[in-house]
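Dear colleague,

Please find the structure below for your study. My findings follow directly after it.

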Amino acid sequence: MRVLIILIILLFSVPGFSLTDETLDNAGAAGATNNREMQDIIVNLDRIQKAFDLSKADANIKTVLYGQNFTYKIRLREFMVTTIRLPHHEIIQSFILGDNQNFNFAKIEERDNLFTVWGIRPGGDTNLTVIGKSGNIYSFYLRIDSTESAYLPNLVYYISDPFLKPLLTAKDRKEKNEAKEISKMEQHESDYLRELPYMRGKDINYNYSIKGGEKYVQE
């Protein structure tokens, strides 16, 4: 009996048994961490905007004419980017954004007349002014809708101006002036070669007389 009691005491005093609970605790903590990481990865955003379910293919694209007194109202949406194209031949020179904390502006480097805007927090609004090299000023009102909005956002926005002419670069102006000078020189050199317009006999004025000199006598 005394031997059995000694064996039981020895078994419980072995370090391996004392580490068992600590090992289990560590394993449990690691498992909990892995579960949280998996939960972060496997997330159902549930952020789908139902307004897109039955919308038309062209519902998010808009084309308007440029007007000096127009302010273009554009609906943005969280998690989406809106692309705006200014008229052909326009070059974006500068811009002014009312709220640069909740709204973002980015010019597309490959295109002089193309830029994007997007918002972060729904419910915000601001204004955007874009100054073109042509002298045109483009005024925008921006607002951010949520995924629960019943309104569709503007994903692509075209502004056209049929009266906007291509801007001449310094090189273009120089070449144009040189062409004008050459044209003037060629015209001056060829002045003496000009042909007189065709004249009919009845258009000649015979109402004149000669004074002085020898009188012509027909023999």
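Leu 128 is buried, because its relative accessible area is 0%; buried means under 20% relative accessible area, exposed over 50%, and partly exposed in between, with a 1.4 Å probe and protein chains only. This is a predicted model, in which local features need pLDDT of at least 70 and side-chain atom pairs count only at pLDDT 80 or more, while totals for chains, interfaces and linings use all residues. Residues are numbered from 1 along each chain as its sequence is written, and side-chain values use heavy atoms, with hydrogens and water left out.

Leu 128 belongs to strand β7; helices (H or I, at least four residues) and strands (E, at least two) are DSSP runs, numbered from the N terminus. Between Leu 128 and Thr 71 there are 9.6 Å in space, C-alpha to C-alpha, although they are 57 residues apart in sequence.

Strand β7 (residues 125–132) also holds Thr 126. Thr 126 is buried, with a relative accessible area of 9%. A polar atom of its side chain lies 3.0 Å from the backbone nitrogen of Asp 99. Asp 99 itself sits in the loop between β4 (92–97) and β5 (103–107), and Asp 99 is partly exposed, at 23% relative accessible area.

Next come the aromatic rings. The whole structure contains seven aromatic pairs; rings of Phe, Tyr and Trp (its six-membered ring) pair if their centres lie within 6.5 Å, and planes under 30 degrees apart count as stacked, over 60 as edge-to-face and the rest as tilted. Phe 115 and Phe 140 form an edge-to-face pair, with 6.0 Å from centre to centre and 75° between the planes. This pair links distant parts of the chain, since Phe 115 is in strand β6 (residues 114–119) and Phe 140 is in strand β8 (residues 137–145), 25 residues apart. Both Phe 115 and Phe 140 are buried. One aromatic cluster includes these two residues, along with Phe 70, Tyr 72, Phe 95, Phe 105 and Tyr 157.

Elsewhere, Arg 75 lies over the face of Tyr 151, at 4.1 Å from the ring centre; a charge sits over a ring if NZ of Lys or CZ of Arg is within 6 Å of the ring centre and within 35 degrees of the ring normal.

Yours sincerely

Note on methods. Polar contact = N/O pair within 3.5 Å; in protein donor to acceptor, adjacent residues only side chain to side chain.
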